[in-house]
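Hello,

Here is the structure I promised to pass on.

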Amino acid sequence: MADFTFGRLTFQALDKERLPLYVEWMRDPEVTRNLGVPMVPFSLTDEENWLENEFKRPIDERTMIISIQDAGTAGLKLIGNGGFHAIDHKEQSAEIGLFIADKSEWNKGYGTEAVQALIWHGFYHLNLHRIWLRVHAPNKGGIRAYEKAGMKHEGTLREAHYQEGKFVDVHIMSILRPEWDLVQKKEG
Ligand SMILES: CC(C)(COP(=O)(O)OP(=O)(O)OC[C@H]1O[C@@H](n2cnc3c(N)ncnc32)[C@H](O)[C@@H]1OP(=O)(O)O)[C@@H](O)C(=O)NCCC(=O)NCCS
């Protein structure tokens, strides 16, 4: 399908030209520490390999880039990405993941809006019933953003992730289609 917009965000397909910016982002521990990626210096080749694998995944599960309107240039400014993993068509369930990697854009509501957009896309286009995510307990900003987007705490995997010298809990958060329908009805 074509690019889509949701609120202030534009979702597009990922392409090779973006990879140098990804390398910059992936080299910043402040951005990556809650992603569960290896904490090693990332190279352009790592990102090229990642992109190659992305294109081998089912099309519904390919990472989409997320941009906002750039006040300076009137064009689009890439701020992060998001997408679906492991879509289970029988259970109509899928995991989402995202990152707003441009730190200058944190705490402006874009993370919340990106999750709302993925939820809308998952229920409206992919016919899912349950959308869930994993979030590391220290990621307070993430937890807050997902709550604001309507996700509920479902359970905790105790000390399931090793991060910066210690084991941390991993929370599972989710939203079901009827919960989302209710919010849509209320918002009219
Ligand atoms: C987590 C992430 C998606 C949040 O995006 P964002 O655009 O900053 O999110 P929002 O602005 O929509 O919401 C953040 C909320 O958390 C709050 N917050 C931020 N840091 C916080 C902290 N340390 N403790 C408590 N609340 C915090 C903000 O104040 C805001 O809440 P408010 O609107 O009620 O004031 C983004 O920071 C990110 O991608 N980080 C790097 C990678 C990552 O962690 N990805 C998610 C993996 S699950």
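Let me start with the ligand: helix H5 supplies the largest share of the shell around it, 5 residues. Helices (H or I, at least four residues) and strands (E, at least two) are DSSP runs, numbered from the N terminus.

Before going further, please note that this is a predicted model, in which local features need pLDDT of at least 70 and side-chain atom pairs count only at pLDDT 80 or more, while totals for chains, interfaces and linings use all residues. Residue numbers start from 1 along each chain as its sequence is written.

**Around the ligand**

Gly-111, Thr-112, Lys-140, Gly-141 and Arg-144 come nearest among the 21 residues of the shell (a residue is near if its C-beta atom, placed from the backbone, lies within 6 Å of the molecule). Two or more residues each come from strand S5 (93-100), H4 and helix H5 (140-148). By class, the shell holds 9 nonpolar, 9 polar and 3 charged residues; here Ala, Val, Leu, Ile, Met, Phe, Trp, Tyr, Cys and Pro count as nonpolar, Asp, Glu, Lys and Arg as charged, and the others, Gly among them, as polar.

**The core**

The largest nonpolar core has 36 residues, and Ala-114, Val-115, Ile-119 and Tyr-146 touch the most other members. Helix H4 (residues 110-124) gives the most to this core, with 7 residues. Such a core is a set of buried Ala, Val, Leu, Ile, Met, Phe, Trp, Tyr and Cys residues joined through C-beta atoms within 7 Å; buried means that 20 or more other C-beta atoms lie within 10 Å of a residue's own, with C-beta atoms placed from the backbone. Leaving out residues up to four places away in sequence, Tyr-146 touches Val-115, Leu-133, Val-135, Met-151 and Met-173 (contact means C-beta atoms, placed from the backbone, within 7 Å).

**Helix H1**

In helix H1 (residues 19-26), Tyr-22, Trp-25 and Met-26 are the buried residues. Viewed down the axis of H1, they fall within an arc of 90°, so they line one face of the helix. They pack against helix H2 (29-32) and helix H3 (44-54).

**The strands**

Strand S3 (residues 64-69) runs antiparallel to strand S4 (residues 76-88), joined by 6 bridges (strands pair if DSSP finds at least two bridges between them). Ile-66 has Gly-80 in S4 as its bridge partner. S4 also pairs with S5 in the antiparallel sense, over 7 bridges, and Gly-83 is partnered by Gly-97 in S5. In the hairpin of S4 and S5, with 4 residues between the strands, Gln-92 takes a positive phi near 50°.

Best wishes

Note on methods. Buried ≥ 20, exposed ≤ 12 C-beta atoms within 10 Å, placed from the backbone. Contact = placed C-beta atoms within 7 Å. Arc of directions from axis to C-beta.
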